[in-house]
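Colleague: Hi! Could you walk me through this model?
Modeller: Happy to, here it comes.

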Amino acid sequence: MINSGGNNLWFVRSPLSLGGVQVTSQMTIVKTTLNQLILISPVKIDESLKSEIEALGQVAWIVAPNNFHHLFISSAKQAFPEAKIVCPEGLPKKIKTLEEHSIIDVNDGNVWGADLEALRLYNGGLGDEHVFFHGPSQTLILTDLFMWFDEKTNFATKIFTALMGVNSETPKMSRMMKWIYRDKAVLRESFRKILDWDFNRVLLAHSRNIELDAKPQIREAMSFLIPVDNKAASENQQKTG
Ligand SMILES: [Fe+2]
């Protein structure tokens, strides 16, 4: 079922079990200023979901936002054969059978239009996460960057999320992502660019979304690299300076 985020943004949550770990997965749909639909991190698309998406418009782009979220790219391509796949440069090396594709260009306005911005954190090798900001809905779209799993779930999920350091009441960067993105100076610069975006809602591909007043929670999740007080002081300085 498609949920509306307003202002030409939608999301679809779908149960996903990986080896008994229940992570849930989420696809974001954006209708761009080019009147095209972009599917970011597709979930499995059955006939019912396909019909719902078709009612929104024409799917032009299928986006794999990092090297991990490719499980349902083929499902999306089968549902929308005219759509083009864009993915990180590492994905075709990982998935030899990946259909025709191009590599994500965060500056390609023909893909993102005027309302959607893309940012590559940096190529961390295994991950290569790209994040997005949709201006009209003030929505930050993340994939694996942050997670929080404090809801009731099964034993395998509790163990996995505890090991990853994301069984918390606030969003966190998992231990695995911190290892992948271990160049802290480069990551810090990406964090600063994300904080420059004027977002209020955050969509997280796993766990839960943050529907309101999301920025302080994301700032807190980044505080291991950008101390919250320093960031606030820096912003105040910019405002007064
Ligand atoms: Fe993921």
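Modeller: Let's begin with strand 5 (residues 25-31) and strand 6 (residues 37-40), which run antiparallel and are joined by 4 bridges. Strands (E, at least two residues) and helices (H or I, at least four) are DSSP runs, numbered from the N terminus. This is a predicted model, where local features need pLDDT of at least 70 and side-chain atom pairs count only at pLDDT 80 or more, while totals for chains, interfaces and linings use all residues. Residues are numbered from 1 along each chain as its sequence is written.

Colleague: Which residue is the bridge partner of Lys31 in strand 6?
Modeller: Leu37.

Colleague: And in what order do the 7 strands of the open sheet come?
Modeller: The order is 1-2-5-6-7-8-9, with mixed pairing; two strands pair if DSSP finds at least two bridges between them. Strand 1 (2-6) and strand 9 (101-103) are the edges, each pairing on one side only.

Colleague: Switching to helix 5, which residues are buried there?
Modeller: Thr157, Phe160 and Thr161 are buried in helix 5 (residues 155-164). Buried means 20 or more other C-beta atoms within 10 Å of the residue's own, exposed means 12 or fewer, and partly exposed is in between, with C-beta atoms placed from the backbone.

Colleague: Why do they line one face?
Modeller: Seen down the axis of helix 5, the buried residues fall within an arc of 90°, so they line one face. That arc is taken from the directions from the helix axis to the C-beta atoms.

Colleague: What's on the face turned away from the buried side?
Modeller: There helix 5 carries the exposed residues Phe155, Ala162 and Leu163.

Colleague: And what follows helix 5?
Modeller: Gly165, with a positive phi near 75°.
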